[in-house]
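Subject: Structure handover

Hello,

Here is the structure for you to look through. My notes follow below it.

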Amino acid sequence: MNISIKQLFGRKPKSSNIAKQRLKLVITQDRLNVDDRFMTRLHHELAEVLAKYFEFSVNSVQMSLKQEGNSYVLVADIPYKKLHDLNARQ
Amino acid sequence: MGKVIVVTSGKGGVGKTTSTANLGTALALLGKTVVVVDADVGLRNLDIVMGLESRIVYTSMDVIEKQCELGKALVKDRRVDGLTLLAASQKNNKDDIQPEQMKAICDKLKASHDFVLIDSPAGIERGFINASAGADEAIIVTTPDVSAIRDADRIIGLLQHAGIEPINLVLNRFSPQLVGNGSMMDQEDVLDILNIDLIGIVPEDTGVITSTNRGIPLVYEDASPGSQAYMRIARRLTGQRIPIPDLEQKGFLSNIVNWFTRNR
C-alpha cells in the first residue's frame, strides 16, 4: 500500500518528497552516465524479449535505476495480462 | 603543518564565499592561524564580503609572476589575530593560473598556518580544478534545492576521483519552517542522496545580508543563529565533537503524523 496517512490527511504529496524522488533518479543516471536514449533503447529491447512470453502493453512498463547503498538496481514494473502458451506454439 | 580545505559547490550563489569568510574568521576567533584564499580569478568577491577590499595591493597572480613575496601579498585582517586574505587577480582569467602553481602556493601556506581555506569559483572547469589542486580536504556548500544538490553530487564525484577526503557537507539556508511543513528537504533527505558526512547546518538568517552589506562577517555577532552555526562548524573543523542540533520545528500534530507514518 503506497498511500500513507500523511497523504490521506494532506491534499497533495509533499513537494520535498517529490524533490527527493526526482533527485535520486536523476543523480543515479548522472553517476552511471546513463541518458534517456539509453533507457528508451533498453525499454524497447526488453519489451521485445518479454513479448515472447507475456501479453502486455508496452506503455505500461515502468523502468528505473535506483541506488541501494553502494550498488545500483534496475527496477522494472511490468503489468501483464497473461502468459503466452509456449507449448501450443511448438 | 596545517591543512588546506577547498570550499566548493558546483552551483553558484549557494554561499561559498559567505561560508569561507565566516569559517575563516571563526577559526581565527578560536585562536587558529588562518589564510583565506580567493580562487575566483577574474570574479573576486571574498575581499568585499570580508570588508578588506580597500586594502588589496597584491594578488596570487603577482606571487605566481614573482612580482612579490607570498608573505607580502597576505592582507592582515586587523579585527582578529591570525587571519589573513590572499586575494585573486581581477584583471586576469582562470586560464592564467596552472593547477601546479596553485598547489605550490597552498603547500607554502599550510607550512606556516593551521588552516588554509580556498574559496572556489562555481562550475566544474578550470577555476574549480585550480581551487582544488592543493586541497587536502573539501567542504561542499549546498542549499536544500534540487539544482544545488545535483551539482553538489557532480562535484563530490570529481573530488573523490581526485582523492580528496574527507568531504564534508554544509547545508546552508536551511528553513526549519519550510522543512516542518514539507516544502523543503531536511538534512536526512539531503544526506541520503549525497552520501557524505554533514559538518553543519546553517539556518536561513537575514543577518547574512546586512553583515555582507557592512563587510563584517556574521560570526562577530554572537547572538545570530547563522553566526552560532558557523562557530559550531569551525569548532568541529578543529576536531571538537559538537552535536548537530535538530533545527526542524515540528508542531504537535506533525509529530503525531510522523509517528504514524515513520518507516514508510
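Which residues of S2(B) point one way, and which the other way? B:Val34, B:Val36 and B:Asp38 point one way, B:Val35 and B:Val37 point the other way, and all are buried. Buried means under 20% relative accessible area, exposed is over 50%, and partly exposed lies in between (1.4 Å probe, protein chains only). In a regular strand, side chains alternate between the two faces of the sheet.

First, the ground rules. This is a predicted model: local features need pLDDT of at least 70, side-chain atom pairs count only at pLDDT 80 or more, and totals for chains, interfaces and linings use all residues. Residues are numbered from 1 along each chain as its sequence is written, chains are lettered from A and ligands numbered from 1 in the order in which they are written, and side-chain values use heavy atoms, without hydrogens and water.

**The sheet in chain B**

Helices (H or I, at least four residues) and strands (E, at least two) are DSSP runs, numbered from the N terminus. Eight strands of chain B form an open sheet with mixed pairing. The order is S3-S4-S2-S5-S1-S6-S7-S8. Two strands pair if DSSP finds at least two bridges between them. S3 (75-76) and S8 (197-203) are the edge strands, and each pairs on one side only.

Back to S2(B), residues 34-38. Five of its five residues are buried, so S2(B) is largely enclosed by the rest of the structure. S2(B) pairs with S4(B) (residues 83-86) in the parallel sense over four bridges. There, B:Val37 stands opposite B:Leu86. Five bridges join S2(B) to S5(B) (residues 115-119), also in parallel. Here B:Val35 stands opposite B:Val116.

Elsewhere, S6(B) (residues 137-142) and S7(B) (residues 167-174) pair in the parallel sense over five bridges. B:Ala138 stands opposite B:Ile167 in that pair.

**Between the chains**

Helix H2 of chain A (residues 15-32) packs with helix H7 of chain B (residues 146-161) at about 25°, with their axes 10 Å apart. Axes are lines fitted to C-alpha atoms, for helices over the stretch in contact, and angles run from 0 to 180 degrees between N-to-C directions. H2(A) is therefore roughly parallel to H7(B) (angles under 35 degrees).

Contact means heavy atoms within 4.5 Å. On the H2(A) side are A:Ala19, A:Leu23, A:Val26, A:Ile27, A:Asp30 and A:Arg31. They meet B:Val146, B:Ile149, B:Arg150 and B:Asp153 in H7(B).

Best wishes

How values were computed. Parallel < 35°, antiparallel > 145°, perpendicular 65-115°, else oblique.
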